[in-house]
Protein chains: 2
Amino acid sequence: MGRHREFDVEKALDAVLCVFWSKGYEGTSYTDLTEAAGVERPALYSAFGNKEALFAHALDRYYERYLNYIPDALHKPTSREVAAHMLYNAIDLNTRYPKHTGCFNITGLLAGSDDAEPVRQMLIDVRARGEALFRERLERAKAEGDLPATAKPDALAAYLMAVLHGMAVQAKAGFSRETLEAVAEQALATWPSSSTSVSAGSSQD
Amino acid sequence: MGRHREFDVEKALDAVLCVFWSKGYEGTSYTDLTEAAGVERPALYSAFGNKEALFAHALDRYYERYLNYIPDALHKPTSREVAAHMLYNAIDLNTRYPKHTGCFNITGLLAGSDDAEPVRQMLIDVRARGEALFRERLERAKAEGDLPATAKPDALAAYLMAVLHGMAVQAKAGFSRETLEAVAEQALATWPSSSTSVSAGSSQD
DNA sequence: CAGATTTCGTAATGACCGTTATTAAACCGC
DNA sequence: GCGGTTTAATAACGGTCATTACGAAATCTG
């Protein structure tokens with residue numbers, strides 16, 4: 001019983017997500033959010049809780065709707081294909097929307113006042129979870145012989161995540177998709193392989 | 001004539017720099033700055049101007065005092081040494097101070113409200129200037145035969161900057177110096193070379 | 001239709017934001 | 001020591017922040 005909700009909760013969350021994506025947590029005001037969602041302030045509060053809870057909802061949705069290529073990537077047969085899939089899908093995501101380039105997660109992770117420390121920590125934790133999944137996939141690749149026995153899955157995972165994070169920064173700095181693809185190509189040029197003999201150092205033309 | 005200044009302008013700017021380094025531009029309040037500098041608000045205003053001008057002063061000082069390894073790196077004889085010097089000095093800088101890990105520039109570049117857009121643009125411009133210097137150095141290396149004729153200096157420069165920015169993010173996420181060194185090692189494993197035959201793909205052990 | 005319940009929209013809350021009058025104190029040349 | 005000048009410190013400014021009472025409107029059950 002009671003009055004029905006007049007706005008679409010999913011659509012409102014999508015609008016909120018885009019604003020946070022562009023400006024980060026503290027860079028976004030509640031007025032920004034209500035204007036983007038087309039919903040009055042108390043309505044957003046009753047639907048999602050306070051600003052921090054709303055950001056958490058947006059973060060969940062970001063992983064569900066935009067980072068859903070990660071599970072797909074992890075299922076690729078070889079570690080090289082996993083890496084390539086993650087790189088090129090990240091580039092697409094980081095440059096697809098001119099209004100909010102880069103990565104939602106990384107954008108909010110770096111700066112913030114002391115009050116926003118819980119939010120930063122939340123982003124740090126989620127990021128670490130993603131890297132752990134990738135590392136475990138590389139450990140499997142090593143066990144399967146897809147990576148050489150000398151390979152270090154943890155270092156390799158950290159390395160590729162560094163490239164991904166760096167591209168998120170560069171996308172925010174206005175880099176084109178083409179430039180980022182050149183970055184990815186360079187990163188993949190050094191990817192280790194167990195079977196084939198590699199000549200990665202001169203693979204760029 | 002007139003009353004003498006009772007605080008050390010240089011020391012105040014150093015203190016201010018550290019706070020901005022940790023929290024970014026908007027994450028830092030003027031109260032944070034005056035408390036760190038041990039200087040009352042009007043004194044900071046009279047010495048540096050408003051918050052944006054103060055941040056610009058801090059950015060200048062950051063490049064003078066902490067990124068002074070970049071000119072040294074660019075003077076190394078080979079492009080590989082240039083890259084290695086930049087990577088390992090960046091790691092040291094990004095992990096040296098537990099109170100403000102990562103990179104001052106990258107920390108403030110990603111997020112911010114619309115009011116802070118000029119500051120973000122300032123950081124984007126300075127970052128681009130650094131990458132341009134590196135790219136020009138790689139073009140010289142190519143002309144000198146230090147890099148193969150097939151090398152693409154712009155892509156190579158963007159790639160290494162991506163790794164550097166990614167490490168700045170990871171430092172902010174709590175990565176240890178050792179982990180970042182493994183990342184740098186992986187990044188260098190693929191660095192192109194004109195003379196020696198390369199087997200970068202299996203160079204990790 | 002009556003009563004209970006939920007949402008909506010206005011408007012207000014106290015706290016903090018960056019910035020600056022204003023007044024008192026310290027220094028200079030004379 | 002005195003007038004002119006610069007700095008120091010207190011305290012205030014209007015504006016925006018996130019958050020929420022409160023009363024009107026809308027929907028359900030009975």
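Me: Which domains does the domain assignment give for chain A?
Reply: This is a predicted model, in which local features need pLDDT of at least 70, side-chain atom pairs count only at pLDDT 80 or more, and totals for chains, interfaces and linings use all residues. Residues are numbered from 1 along each chain as its sequence is written, chains are lettered from A and ligands numbered from 1 in the order in which they are written, and side-chain values use heavy atoms, with hydrogens and water left out. Domain bounds come from an automatic or database domain assignment. For chain A they are domain 1 (9-61) and domain 2 (66-191).

Me: What area is buried between domain 1 of chain A and domain 2 of chain A?
Reply: The centres of the two domains of chain A, taken over C-alpha atoms, are separated by 25 Å. Contact (heavy atoms within 4.5 Å) links 14 residues of domain 1 of chain A to 19 residues of domain 2 of chain A. Buried area is the accessible area (1.4 Å probe) that two parts lose on being put together, summed over both. Carbon and sulfur atoms give 74% of it here, and the total is about 1500 Å².

Me: Which residues in domain 1 of chain A lose the most area to domain 2 of chain A?
Reply: Three residues together make up 49% of what the domain 1 side of chain A buries. They are A:Trp21, A:Glu26 and A:Leu59.

Me: Which element gives the largest share of the side of domain 1 of chain A that touches domain 2 of chain A?
Reply: Helices here are DSSP runs (H or I, at least four residues), numbered from the N terminus. Two elements of chain A give two or more residues to this side: α1 (9-23) and α4 (51-65). The largest share is 6 residues, and it comes from α4(A).

Me: Which residues come nearest to DNA strand C?
Reply: A residue is near a strand if one of its heavy atoms lies within 4 Å of it. DNA strand C has 24 residues around it. Those that come nearest are B:His4, B:Tyr30, B:Arg41, B:Tyr45 and B:Lys51.

Me: Which side chain has an N or O atom 3.1 Å from a base nitrogen of DNA strand C?
Reply: Of the atoms of DNA strand C within 4 Å of the protein, 66% belong to sugar or phosphate and the rest to bases. On the phosphate side, an oxygen is 2.9 Å from a polar backbone atom of A:Glu6. The base nitrogen is 3.1 Å from the side chain of B:Arg3.

Me: How far is a polar side-chain atom of A:His4 from a sugar or linking oxygen of DNA strand D?
Reply: A:His4 is among the closest of the 24 residues that surround DNA strand D. Polar side-chain atoms of A:Tyr45 and A:Lys51 each lie 2.7 Å from a phosphate oxygen of DNA strand D. For A:His4 and the sugar or linking oxygen, the distance is 2.4 Å.

Key
A polar contact is a pair of N or O atoms within 3.5 Å; within protein, one must be able to donate a hydrogen and the other to accept it, and residues adjacent in sequence count only if both atoms are side-chain atoms.
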